[in-house]
Amino acid sequence: MNEHVAAPETDATPLMAQYLAIKAAHPEYLLFYRMGDFYELFFDDAGKAAEALDIALTKRGKHAGEDIPMCGVPVHAADAYLEKLIRKGFRVAVCEQVEDPAEAKKRGSKSVVKREVVRLVTPGTLTEDSLLEPRSANVLASLGRAGHELALASVDISGGAFEVAGLAAGDLGPELARLNPSEVLVPDSLLADDALAAALKALGPALTPLPSVKFESHAGERALKTRYGVASLDGFGQFTRAELSAAGALIAYLELTQKGRFPALVPPSRGLAKAHMSIDAATRRNLELTQTLSGERTGSLLSVVDWTVTAAGARELASRLAAPLTDTAAIGARHDAVGFFANDSTLRRAVREDLRRAPDIARALARISVGRGGPRDLAALRDGIRISRLVREKINLGDGLEPAPGEVQGAHLALMENVAAVSRLATRLDQVLVPEPGFFARDGGFIVAGAHPPLDEARQLRDESRRVVAGLEAGYREKSGAPLKIKHNGVLGYFIEVTPQHADKLMSGDARTLFRHRQTMAGAVRFSTDELASLDSRIAEAGARALALELALFDEMASEAIAQAAALGCLANALAVLDVASAQGELAIARRLVRPKIDDSLAFHIVRGRHPVVELALEKSHENAFVPNDCELGQDRLWLVTGPNMAGKSTFLRQNALIAILAQAGAFVPADAAHIGIVDRLFSRVGAGDDLAAGRSTFMVEMVETAAILNQATGKSLVILDEIGRGTATFDGLAIAWAAVEHLHEKNRSSALFATHYHEMTALAERLSSLACVTMRVREWNDTIVFLHEVAPGTADRSYGIHVAKLAGLPPAVVARAQEVLAALEEGREGHKPLARIDDLPLFAAQPVKAPAKTSAVEDELRQISPDALTPKQALDLLYALKSKLD
């Protein structure tokens, strides 16, 4: 099957010629071609869509002598199908009928209704609630280059945020990981750049290459000036040519995909270099910040700390966790806000109760701005303004004391200023909209009675005519003597319907002059009258006029809302900030979190720190309480952590990384106290898996991640490394781990936690002045071990791997054999010949399994005793009886 995207052929029907012309203009998109109540797809598009959507593939006519494959989806259910296609990597061009079929007929019987592509649907340009995750941002990014400079612009059109910042090639991966974009626009010339290849390849289907000419910086500058109606961009910031390239390409792409309906975006803000803690994709994955290694949200850090009650607040919190700050003043403002709500439980509960009813203002405004909004979106703006007013009044205590601290003050000021700015819009929406309008303007019924007199008149005429219909029905029954009914459909309009056995009454005698036969069906006969036809026309006209008036009012209110987009956006942001602050205050009280001390020092001092996810999981499972641990990376800035498997090394490493992220994200932390100097970069290599698609083994993935750490970590970075070198031969792995620790200590000089089973590495403590050895404490008990999960100074002399294997349920024969082999290997270390000794051991298959020892009569009887049920006399008698059995 060949793709038909060329100009229409001479033998094509007018309809197919139109389709082929539109498809030729959009070859990289599946074309949703509107035909009545369906979007139809043809040729290769039909085959791809039918397979992706699991719908029937049919045929319609012929083209160039071959059948034309076809499939279709109902217009009313199109969003569900669009979601499936977008998630599977397709992009869709939506082609609508832009002309009334009656107008087309005036041009001739074979004329085709005019159609145009009204929207290009791509992953980064979605606005519909049905296509988006309410609590996650949907980011469209653009990478620009001018000379040797790079820049990354990003926008969430469903929320209105727009930012751009320059970056180095090595920072592209962490920045993309921070933004987690759904779609990234890239000049095709950059695809061959080796320095960017890894980061771009990792994008997969999110990558959208475009001709490099679309990223020309001067064109980008003109596009930004035109879009925001300014003669100079200096009011927004001093943009570099690379930043103009990225931002301009993004603006042009939105204009292309939205077909003239541009989203309500704030002017671009220029991001500051090094404003966020740099966290690469591998570290985010290892630490399970927003999703677990299995891809689930439950079990991630975000799932545990997200106590927000609004979708916008959840998106704000996720953004903060993805981009912890490096500015101590900004972090302090966030901590002040959390402390403000944590210290006032009455206010916190009242504000959260109001916020719980707050709609998603940002996304409602986004849909309205691109022409995909409805009456319910206007109602969301109305209700959002009302909630903003309530929250403002609650925070404004009016007691004359100092203003609320930190971010609360800024959010409160935004509410005060912008509630006033949108007061006229709020009044209009309150007066005009019904309390709970429908989703679609085309359905009507969303304007309250009395709000618009001409609309009331049209509705009255329409409704009065319907009452006349009821009177006509009663009169016709009396005249005909038949149990007829007056019904309505979209084809015939109003008609009279009777069963076949009563049809003769309407077609004989005087009735035949009144009733005119229209249609005979299997179970009914339909008639009309001149009076009914006239009434049908009047009702239709009244209904159409009423709907037209409602649609005009909707457009007026939508235009007013778009004009107030900046103020509405400020309200949305303020509510989101207050939601995050109050939620974190609630979390701090409920989970015993503390405010960390943040400064520009090199300190990293955690007192009784806890892993927030593991701690909650233990509580839910009613297992032992989480064991807190201290961590002080001061003079000894590198800790070498040893201890057995299952003792808690990985948990200890991760919890300290998570505490650093929470602290710089502006949250309180799970500890008794915390003092953290700003961390500029966070690196984590804890666990690894292979990357078969890239041809990398588990060990190769581990080495790539370790190389990134050793090449990029600085003296203000925090590094956690777990069992480096375990994926290769013992001595090779030990050598790599040894050299990595030396490099971290001497070259990077980073604060680091390095967990290992290579106990030989503890000798480094004598050679490296800032390295300390700590171990996970265990207790041996009756040939088994008890994990205490406590970190203490010192080293572990062994890993207890066989004990853990026994706990895991390995067969007794395997455990016994392993113990013998271990003994032989350990003797070899002391100068014996281990290979000869191991060869002398019996083969594994021949290793006997010891039968369980027989129990004595005394032991059997003891097992049957219930001590709590015995009286002192009975217990003494039993003791004598048991002793006699031993004699």
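1. The second largest pocket has a volume of about 1700 Å³. A pocket here is an open set of points on a 1 Å grid over the protein atoms alone, where a 1.4 Å probe fits, with protein on both sides within 12 Å along at least five of seven lines; lining residues have an atom within 4 Å of a point. Grid points are joined across faces, edges and corners, and the volume is the space filled by probe spheres set on the points. The model is predicted: local features need pLDDT of at least 70 and side-chain atom pairs count only at pLDDT 80 or more, while totals for chains, interfaces and linings use all residues. Residues are numbered from 1 along each chain as its sequence is written, and side-chain values use heavy atoms, with hydrogens and water left out.

2. The most come from α20, with six residues. Helices (H or I, at least four residues) and strands (E, at least two) are DSSP runs, numbered from the N terminus.

3. By class, the lining of the second largest pocket has 22 nonpolar, seven polar and 18 charged residues. Ala, Val, Leu, Ile, Met, Phe, Trp, Tyr, Cys and Pro count as nonpolar, Asp, Glu, Lys and Arg as charged, and the others, Gly among them, as polar.

4. The strands β1, β5 and β6 also belong to an open sheet of six strands, in the order β3-β4-β2-β1-β5-β6, with mixed pairing. Two strands pair if DSSP finds at least two bridges between them. At the edges stand β3 (58-63) and β6, each with a single partner strand, so one side of each has no neighbour in the sheet. The twist averages 35° from one strand to the next. Angles run from 0 to 180 degrees between N-to-C directions, and axes are lines fitted to C-alpha atoms, for helices over the stretch in contact.

5. Within this sheet, β1 and β5 run parallel and are joined by four bridges. Leu 31 has Ala 93 in β5 as its bridge partner. Helix α2 (residues 43-53) packs on the sheet and touches β1, β2 (38-42), β3 and β4 (66-74); contact means heavy atoms within 4.5 Å. The direction of α2 makes about 45° with that of β4.

6. Helix α14 has a partner in helix α21 (residues 565-591): their axes come within 8 Å and cross at roughly 155°. That makes α14 roughly antiparallel to α21, a label for angles over 145 degrees. The contact is made by Ile 361, Ala 362 and Leu 365 of α14 and Ala 565, Leu 568, Ala 572 and Leu 575 of α21. By class these are seven nonpolar, no polar and no charged residues.

7. Another open sheet has four strands in the order β18-β22-β19-β20, with mixed pairing. Its edges are β18 (597-599) and β20 (629-632), each with a single partner strand. Four bridges join β19 (residues 604-609) to β22 (residues 673-677), which run antiparallel. His 605 stands opposite His 675 in β22.

8. Two backbone angles deserve a check. Glu 288, in the loop between α9 (281-287) and α10 (301-305), has a positive phi of about 55° although it is not a glycine. Arg 749, in the loop between α25 (730-748) and β25 (751-755), has a positive phi near 55°.

How values were computed: Angles under 35 degrees count as roughly parallel, over 145 as roughly antiparallel, 65 to 115 as roughly perpendicular and the rest as oblique.
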